[in-house]
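Dear colleague,

I am passing on the structure that I mentioned, together with some notes on its geometry. Please keep it open beside you while you read.

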Amino acid sequence: MEEELDLLELWQILIRRWKLILLLPLLAALISGIVSIFFLQSTYEASSTLMVTRPAEVEQIHYQDVQLSRQLVDTYQVVAHSRRVLGKVITGLDLPYTLEVMQKKVKVSPVQKTEIIKIDVTDKDPQLAALISNQVAKTFMKEIISIMNVENVSLIDEATIPKKPVSPRVRL
């Protein structure tokens, strides 16, 4: 036999348990705030952007050139995140990171339907995040010349030192 629960009974249960219903979410928010403020270390993100362009010797831009550049962005994204490029960045900056750690810190992604590549670096030190991002961009530009034998990548924006951390997001 099924028991029926009417709205009045539900309301009475809520009235009896109102302290618990309010206390648990407040306690969870308080604990997560304390952990975010006092225990989690701030992480900063710096970004630099590159553009895949047509070679300098071409006088006019054709639709095929733009399409080729967009297709090259996917290839260049993999090259920029490769052991070859990141290994030279680690060596050049004399960083204490392994290649695996560096690959986790560096995120290379294409900007949707454009010829632009974005290099994001996260680190606990904001100056180091900007330095690594800029060095990855410069090293990638040098390496792509030797790999592809074409100079078709230009720097749009160098990474600047971030002022605010990206995590933890205490207000959230």
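Predicted model: local features only at pLDDT ≥ 70, side-chain atom pairs only at ≥ 80, totals over all residues.

Residues are numbered from 1 along each chain as its sequence is written, and side-chain values use heavy atoms, with hydrogens and water left out.

T49 lies in strand β1, residues 44-52 (strands are DSSP runs of E of at least two residues, helices runs of H or I of at least four, numbered from the N terminus). T49 counts as buried because its relative accessibility is 15% (buried means under 20% relative accessible area, exposed over 50%, with a 1.4 Å probe and protein chains only). Beyond its neighbours within four places in sequence, T49 is in contact with I116, I117, K118, S154, L155, I156 and D157, where contact means heavy atoms within 4.5 Å.

In helix α4, residues 83-93, the buried residues are V85, L86, V89 and I90. They lie on the same side of α4, because they cover an arc of only 135 degrees around the axis, taken from the directions from the helix axis to the C-beta atoms. On the other side of α4, R83, T91 and G92 are exposed, and just after α4 D94 takes a positive phi of about 55 degrees.

I144, in helix α6 (residues 126-148), is buried, with a relative accessible area of 1%. Neighbours within four places aside, the contacts of I144 are Y76, V79, N149, V150 and V153.
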